[in-house]
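Open the model in your viewer and keep the selection tool at hand.

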Amino acid sequence: MVIEQTVVITGASTGIGAACAWHLDRLGFTVLAGVRRIEDGDALKARASARLQPILLDVTDGASIEQARQAVAGLVGPRGLAGLVNNAGIAVAGPLEAVPIADLRRQFEVNVIGQVAVTQAFLPLLRQGRGRIVNMGSIAGRAAMPVMGPYSASKFALEALTDALRLEVQQWGIQVSIVEPGAIATPIWTKSGAKAEELEATTTEDMKALYAGVIAGVRARVAEAAARAIPPETVAKAVEHALTAARPKTRYLVGRDAKVRALMIKLLPDRWSDRLMTRILNLPH
């Protein structure tokens, strides 16, 4: 299959972003894969066709975004963009009482403000190409977990931004979808775990004692989830559908755990859901 269409993917160095880049490349898209380091781009190219081109793109840096926009505009010309996949993201973990405000700001700079900044930059090209936008959310954007408050808050915000944007750009035929994966086998598990350990190392002994039970319960559950995490290629297939289907979904739940959690939120009152999660996580109460 030959598809003369170009898509931009942010955060394509590893995990879901890399899986999406390789998958769309195999389908025949021209993939412009956003990375922050040249060596990450070289690793992507090693497993792809000549169509895949890495572009340096830091979603928290306005100059980097503008430089990427200019490069993409020069490559696509008047045909514009067929798609933008806003995938870049990080996960900050820790009890809200203990999370440094600087870390909380960083969480929103990458996962929320960065997504808007990139979308603003590329919307004129998407308008030219009647392209589509796919935001990478999470089931955490529907259902918050203790100790994952900053990450969940950023993904809740992305849900709202997706809903607003979908209505704003429909006048130009631009479709907007959000993908909501559950546990996916990506490096974000180890990265967020390392960050949580770093936070714990700088937290007072009194604070550690206050939240020891909560942290232990969540850690055990996260370890279980990581062990049964599904491959990122499953998410890439949802992104493919969002970019190519005649009638793309507005939301894509990916993974059995995501679907079960979404059903719980839909059917259970908050207090019942809290009691169930307290039991599952063995939280102090």
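The stops below say what to select and what is there.

**Whole chain.** This is a predicted model. Show it as a cartoon: there are ten helices and seven strands. Switch to the C-alpha trace, which spans about 60 × 40 × 30 Å along its principal axes. The radius of gyration is 19 Å, which agrees with the value near 19 Å for a compact globule of 285 residues.

Now go inside, where 48% of the residues count as buried. Select Ile 9, Leu 24, Val 31, Leu 44, Val 179 and Val 239. In the largest nonpolar core, of 30 residues, these touch the most other members. Next colour β1 (6–9), α1 (15–27), β2 (30–35), β5 (132–136), α8 (233–244) and β7 (251–254), the elements that give two or more residues to this core. Which element gives the most? It is α1, with seven residues.

**Val 239.** Centre on this residue and list its neighbours. Leaving out residues up to four places away in sequence, Val 239 touches Cys 20, Leu 24, Val 85, Val 134, Met 136 and Val 179.

Select Ala 68, Leu 81, Ala 88 and Leu 165. They are among the 24 residues of another core, which lies apart from the largest one.

**Surface.** The accessible surface comes to about 14300 Å², and 56% of it belongs to carbon and sulfur atoms. Colour by charge: the mean positions of the 33 positive and 26 negative charges are 8 Å apart.

Technical notes: Residues are numbered from 1 along each chain as its sequence is written. This is a predicted model: local features need pLDDT of at least 70, side-chain atom pairs count only at pLDDT 80 or more; totals for chains, interfaces and linings use all residues. Side-chain values use heavy atoms; hydrogens and water are left out. A nonpolar core is a set of buried Ala, Val, Leu, Ile, Met, Phe, Trp, Tyr and Cys residues joined through side-chain atoms within 4.5 Å. Buried means under 20% relative accessible area, exposed over 50%, partly exposed in between (1.4 Å probe, protein chains only). Helices (H or I, at least four residues) and strands (E, at least two) are DSSP runs, numbered from the N terminus. Contact means heavy atoms within 4.5 Å. The radius of gyration is taken over C-alpha atoms; the globule rule is 2.2 Å times the number of residues to the power 0.38. Accessible areas come from the Shrake-Rupley method with a 1.4 Å probe; for residues, only the protein chains shown count as cover. Lys and Arg count as positive and Asp and Glu as negative; His and the chain ends are not counted. The place of a charge is taken as NZ of Lys, CZ of Arg, CG of Asp or CD of Glu.
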